[in-house]
Amino acid sequence: MTMTHPGLPLFWVVIIVTAMLAIIIWALMTKAPVSYEKKELSLTKVPFIGGVFRYLSVQTLPLLILKVLVAFVFIVIVTAGLWGTPIVERNIATSITWNLWWAGIVVAILFSGSAWCAICPWDNIATCLVEHRLWRRSNSHTRLHLKVPVILRSVWPASLLFIGFTWLELGVGIVSSPYATAVLAVLMVVLATTCLALYEGKAFCRYMCPVGRTVGAYSQLSPVALRPIDLDVCRSCTSLECYHGSDLIAPCPTKLVMGRLQENTYCTACGNCSQSCPSKNIAWQLRSPSYEVMVSARPHTDEACFMLILFSLTVFHGFTMLDSWPDMMSAMARSFGDSGKLLISFSVGLVACIMVPSLIYGFFVLLSKKISVDATRTNYSHFFSGFSFSVLPLAFSYHMAHNFGHFFRERNNWSELITNPLGVGAQPLSMAEKHARHMDMMIPESVLFSLQGVFMLAGFFIAVQVVRYRGGRLFSMAGKKLLPMLTFVLLVTLFNVWMLVQPMTMRM
Amino acid sequence: MKSNKVKRIFVLLQCLFFLIASHSSLAHHVLGRPSYSLNEDSNTPPSMAIETQIGDYFVTYMIFPAFPKPSEPGRVNLYVTRIDDGSILSVPVSFYVLDDKLFSGWPLLGDPVVPEKIGVQNVDDGIFRQGFVFKERGSYIIRAYFEVGDEPYEIDFPLQVGKAPAVGPIGFLLGLLILLLVSVNLVQRKRIARSKFQKEKNST
């Protein structure tokens with residue numbers, strides 16, 4: 001028997017749709033926003049906790065302890081995957097990787113920005129193998145420091161790897177194989193190590209890592225980020241330790257200059273800048289969660305495509321968990337004569353789910369270009385990349401709302417997994433246990449629905465604001481001229497809400 | 001009074017002892033049968049169950065025992081019912097076995113997949129039962145095949161016999177990693193030596 005989670009109740013749908021229509025009418029009636037007042041507060045200046053953040057910014061020990069801890073957990077995961085039980089729910093490799101990390105990382109971005117990248121075990125183990133140390137400048141002979149080939153210098157490698165990840169996760173079904181999970185984990189370490197050994201900086205993190213780029217894209221919406229405490233100090237700085245590093249501390253792995261940083265996309269929160277800055281001017285900052293996507297982030301075509309792929313794959317994840325997905329796959333498989341794991345049908349479905357939202361977006365961008373005053377002066381690609389930030393809050397909000405369902409409903413027996421991570425002698429879950437886990441939620445169901453509803457509305461509101469600000473600033477568009485892009489945002493959110501209303505198949 | 005209290009404690013301790021003792025005997029016997037006498041034909045052996053839907057049918061597949069070992073008999077139980085009315089499939093089902101090696105069946109990379117027929121079973125009390133004995137450990141795929149009307153149905157289920165190989169792709173990846181690190185180290189040392197030599201040559 002397939003078990004499903006109940007969908008969002010109609011009550012919440014009515015509230016969301018009413019609020020959405022009100023926001024759309026407001027956006028069409030108002031003039032283009034002239035300026036946006038940036039609100040930010042360095043966490044080092046907050047009473048009581050300021051000292052903690054000052055300590056965290058300049059000391060290496062806390063970060064080092066976290067790196068070692070996460071690397072240890074990673075090694076346990078690989079060990080359990082290789083030598084543990086093949087029963088998915090009884091093996092810590094699959095439980096931590098797919099139920100905790102994969103579902104929780106998006107939630108973590110909301111509270112900690114790109115901090116995950118700083119403790120990522122793929123990069124840390126690679127750094128240990130290649131540079132033989134975890135944080136300081138290294139003179140290891142195991143690096144060639146070659147220039148990254150031009151063909152790799154975009155986020156296309158990360159986009160393709162992300163599609164590959166989704167294919168492996170949902171198509172091949174590595175989520176239900178601890179062994180395959182361990183192989184994938186080791187493969188990522190091999191990729192990170194290869195890039196670190198061959199190329200300068202951290203080419204894997206910047207151009208190839210699908211998780212890192214997802215964290216980078218979503219962290220543009222995070223209310224916390226590493227930033228200068230006083231921008232004037234950075235303006236008068238000539239030595240740029242944040243970029244070049246110091247005698248002890250390595251340079252920025254993704255070649256960012258803190259004083260000129262406009263977007264969080266490539267910051268891995270490694271802390272090299274905060275530790276090397278002679279003025280101790282870099283620290284964690286609280287900021288407006290929408291400022292970057294609305295105003296400061298600069299549009300690039302490859303990043304725009306990555307955001308669209310991220311959005312499409314997020315929707316695709318939800319789509320594959322609907323009750324109707326297996327029937328669609330079966331119907332498609334019959335028409336192709338596909339059998340076995342239905343990988344051809346799945347691959348066709350995956351490509352279609354990436355193409356359809358992208359083509360719809362492209363169509364609405366084309367409509368926007370046609371009615372804009374800049375139609376003849378501005379390229380289509382400028383419109384395409386300029387408005388692409390509007391899909392980011394839509395993807396993030398749906399991703400959060402969807403993952404909340406998994407995170408709060410699908411409980412693992414963590415005490416059992418920690419005491420027996422390899423699942424030695426464990427038996428498969430009985431139907432009674434599955435039912436018990438299904439019924440035993442971490443939070444009340446009404447709270448979960450409220451969270452999902454609030455996130456969908458917040459995502460929609462930020463997306464509308466992105467359309468207003470970017471439309472006004474980049475293409476001098478306001479009011480009714482924004483109708484095509486506002487329609488796109490409305491349609492996408494309505495589709496996402498419809499998916500949340502549907503019962504969702506449990507992963508266990 | 002005091003002896004009554006001692007008596008009561010003694011009775012309680014006795015009860016506790018029998019409770020603990022009976023608990024351990026339950027662990028040793030399943031429904032009154034000693035656990036060592038359970039096999040693939042027992043009515044309550046440990047099993048691995050997989051459920052799926054294909055076309056108009058709801059399929060449940062159980063493997064006995066849950067983790068079959070090489071040279072030990074095992075059994076596949078297949079339950080096939082229509083999704084719409086719950087009626088049991090009545091046509092015969094053919095069972096095949098295939099190797100599930102990495103890249104098997106992939107063009108250029110792996111060997112072609114050749115299914116081996118292990119039996120044809122008729123429904124018996126709503127179940128299609130197929131016995132098996134694998135001599136070698138490994139990853140296999142059991143394929144159940146039946147036709148309803150003109151429509152062929154092919155359902156593949158994974159079957160692990162014995163422990164999964166711990167090396168294999170992982171050993172390959174680790175070997176690759178070591179080879180890479182050693183090669184890069186050698187090339188880099190050579191580059192440094194060459195640049196030192198060039199510097200010395202230029203200075204003289």
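The model is predicted, and the values given here are computed from it. In chain A, helix 22 and helix 23 pack with their axes 10 Å apart, while the second largest pocket has a volume of about 710 Å³.

**The packing of helix 22 and helix 23**

- Helix 22 of chain A, which covers residues 445-475, packs against helix 23 of chain A, which covers residues 483-501, at an angle of about 165°.
- Because angles over 145 degrees count as roughly antiparallel, helix 22 of chain A is roughly antiparallel to helix 23 of chain A.
- Helix 22 of chain A contributes A:Q452, A:M456, A:F460, A:A463, A:V464 and A:V467 to the contact, and these meet residues of helix 23 of chain A that include A:M485, A:L486, A:V489 and A:L490.
- When the residues of this contact between helix 22 and helix 23 of chain A are sorted by type, 11 are nonpolar, three are polar and none is charged.
- The crossing in which helix 22 of chain A passes helix 23 of chain A is right-handed.

**The second largest pocket**

- The lining of the second largest pocket consists of 33 residues, and those that lie nearest its centre are A:E131, A:R143, A:G201, A:A250 and A:P251.
- Helix 3 (61-83), helix 5 (115-119), helix 6 (121-131) and helix 13 (272-276) of chain A each supply at least two residues of this lining, and the largest share, four residues, comes from helix 6 of chain A.
- By type, the lining of the second largest pocket comprises 13 nonpolar, 11 polar and nine charged residues.

Methods. Residues are numbered from 1 along each chain as its sequence is written. Chains are lettered from A and ligands numbered from 1 in the order in which they are written. This is a predicted model: local features need pLDDT of at least 70, side-chain atom pairs count only at pLDDT 80 or more; totals for chains, interfaces and linings use all residues. Side-chain values use heavy atoms; hydrogens and water are left out. Axes are lines fitted to C-alpha atoms, for helices over the stretch in contact, and angles run from 0 to 180 degrees between N-to-C directions. Angles under 35 degrees count as roughly parallel, over 145 as roughly antiparallel, 65 to 115 as roughly perpendicular and the rest as oblique. A crossing is left-handed if the near helix is turned anticlockwise from the far one by less than a right angle, and right-handed if clockwise. Contact means heavy atoms within 4.5 Å. Ala, Val, Leu, Ile, Met, Phe, Trp, Tyr, Cys and Pro count as nonpolar, Asp, Glu, Lys and Arg as charged, and the others, Gly among them, as polar. On a 1 Å grid over the protein atoms alone, a cavity is a set of points where a 1.4 Å probe fits but cannot get out, and a pocket is an open set with protein on both sides within 12 Å along at least five of seven lines; lining residues have an atom within 4 Å of a point. Grid points are joined across faces, edges and corners, and a volume is the space filled by probe spheres set on the points.
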